[in-house]
Amino acid sequence: MSELKLPEINRVLLSGRLTRDPEQRYAADGTAVTSFGLAFHRHYRARDGSAAEHAGFVTVMTYQRLAEVCGQYLRKGGAVLVEGRLQMREWTTTHGVRGTRLEVRGDMVHFLERRPAGTPPEGGVAEAPPAKPTPHGPPDVEELF
């Protein structure tokens with residue numbers, strides 16, 4: 001019998017609020033990397049008919065110019081829509097303990113709130129301009145500028 005081949009699809013679309021300010025750093029090769037926590041909620045009816053809510057939390061990683069923009073404009077509590085994919089990160093500590101974490105690699109981040117005119121970036125979240133393809137990096141990564 002032939003084996004059924006399924007297409008590989010790994011796309012994530014999440015909206016929520018930042019649980020902490022973004023942490024920006026630069027990799028050894030100079031690539032900007034920014035991570036932030038994202039809280040998302042699901043509203044539903046419980047078995048007894050009452051309204052219920054479930055909160056989920058995930059770490060979002062962004063790279064290159066998108067990472068720089070996220071690090072500059074996003075703040076704790078800001079609302080965003082993240083498009084990306086799931087990725088598994090693995091590491092080994094200096095003591096030989098292995099760890100893994102499932103996170104979202106953000107390919108596009110849409111800022112869902114505007115900051116008032118004249119307000120410095122610390123006072124709000126900037127509006128993201130239309131995304132355009134980046135001339136460097138993987139072809140599916142898009143930047144805001």
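How many salt bridges does the structure hold? I counted nine salt bridges, a salt bridge being a side-chain nitrogen of Lys or Arg within 4 Å of a carboxyl oxygen of Asp or Glu.

I note that this is a predicted model, in which local features need pLDDT of at least 70, side-chain atom pairs count only at pLDDT 80 or more, and totals for chains, interfaces and linings use all residues. Residues are numbered from 1 along each chain as its sequence is written, and side-chain values use heavy atoms, without hydrogens and water.

**Entry 1: Arg11 and Asp107.** I looked up the salt bridge between Arg11 and Asp107, whose closest N and O atoms are 3.2 Å apart. Arg11 precedes strand 1 (12–18) and Asp107 lies in strand 6 (residues 98–111), so the pair ties together parts 96 residues apart in sequence. Strands are DSSP runs (E, at least two residues), numbered from the N terminus. Asp107 counts as buried at 2% relative accessibility; buried means under 20% relative accessible area, exposed over 50%, and partly exposed in between (1.4 Å probe, protein chains only).

**Entry 2: Glu113 and Arg17.** I found a salt bridge between these side chains (3.0 Å, N to O). Glu113 lies in the loop between strand 6 and strand 7 (132–133) and Arg17 in strand 1, so this pair also ties together parts 96 residues apart in sequence. Glu113 is partly exposed at 27%, and Arg17 is partly exposed at 41%.

**Entry 3: Glu103 and Arg89.** I recorded a salt bridge here at 3.1 Å, N to O. Glu103 lies in strand 6 and Arg89 in strand 5, so the pair ties together parts 14 residues apart in sequence. Glu103 is buried, with a relative accessible area of 0%, whereas Arg89 is partly exposed at 31%.

Note on methods: Helices (H or I, at least four residues) and strands (E, at least two) are DSSP runs, numbered from the N terminus.
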